[in-house]
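I opened my notebook to look through one chain. My plan was to start with the overall fold and then go to the details.

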Amino acid sequence: MEELRQILATLKQPEYVHILLNPIPVYGTIAGAVALVTGLILKSRPAQLVALLLILLSTLSVWPVMEYGEGGADRVHDLLNKDGQKWLHEHEERAEHLAFIFYVTAALAVVAMLAPKFLPKFATLATGLTLVAALASLLAGAYIGHAGGQVRHTEFRQGPPPADEE
């Protein structure tokens, strides 16, 4: 019972929840993109809808990931050495500047889901655009995650931390 209390207490720490959630936008989008390609190849609209829904949910999950990350950043910052602090700042900057790509992808997924009903001639293009945006989201996620992985994991660091901005 005490162990359960400790686990529940840990889940109240935003930095911990951030670590739990942060793979969802990337892994979910990868799964959605693979499913969408499969649905396009098979010309299966139900498969495409499931894939688009997965892409939508995965890309929207960036919002709680960022919220929990911001909530725990100060606590983590104080535990880091100078290089780790620089990587944390870089990770935050990348996320703030690139999160919009995930939201655009989510919007395109909604459009692609609704297009056959309202704009049938645009449906295939909307689905293709969603796939391209999902790939852009994956690149953005990899770029953000690269900096995030180096915050506390010195074994991942290749070269010096980002330069201080004056």
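**Entry 1: The whole chain**

I counted the secondary structure and got seven helices and zero strands. I kept in mind that this is a predicted model. Reading from the N terminus, I wrote the order of elements as α-α-α-α-α-α-α. I then looked up the box filled by the C-alpha atoms, which is roughly 55 × 50 × 25 Å along the principal axes. The chain has 166 residues, and I noted that 37% of them are buried.

**Entry 2: A pair of helices**

Two packed helices are described by the angle between their axes and the distance between the axes. I looked up helix 5, residues 62-77, and helix 6, residues 82-118. They pack at an angle of about 165°, and their axes are 11 Å apart. How do helix 5 and helix 6 run relative to each other, roughly parallel or roughly antiparallel? Angles over 145 degrees count as roughly antiparallel, so I wrote down roughly antiparallel for helix 5 and helix 6. I also noted that their crossing is left-handed.

**Entry 3: A nonpolar patch**

Which helix gives the largest share? Helix 1 does, with three residues. Helix 1 (2-10) and helix 2 (14-21) each supply at least two.

I checked Leu 11 separately. Leu 11 sits in the loop between helix 1 and helix 2. Its relative accessible area is 39%, so I marked Leu 11 as partly exposed.

Methods. Residues numbered from 1 in each chain as written. Predicted model: local features only at pLDDT ≥ 70, side-chain atom pairs only at ≥ 80, totals over all residues. Heavy atoms only, no water. Helix = DSSP H or I, 4+ residues; strand = E, 2+ residues; numbered from the N terminus. Buried < 20%, exposed > 50% of the residue type's maximum accessible area, 1.4 Å probe, protein only. Axes fitted to C-alpha atoms, helices over the stretch in contact; angles between N-to-C directions. Parallel < 35°, antiparallel > 145°, perpendicular 65-115°, else oblique. Left-handed = near helix turned anticlockwise from the far one by under 90°.
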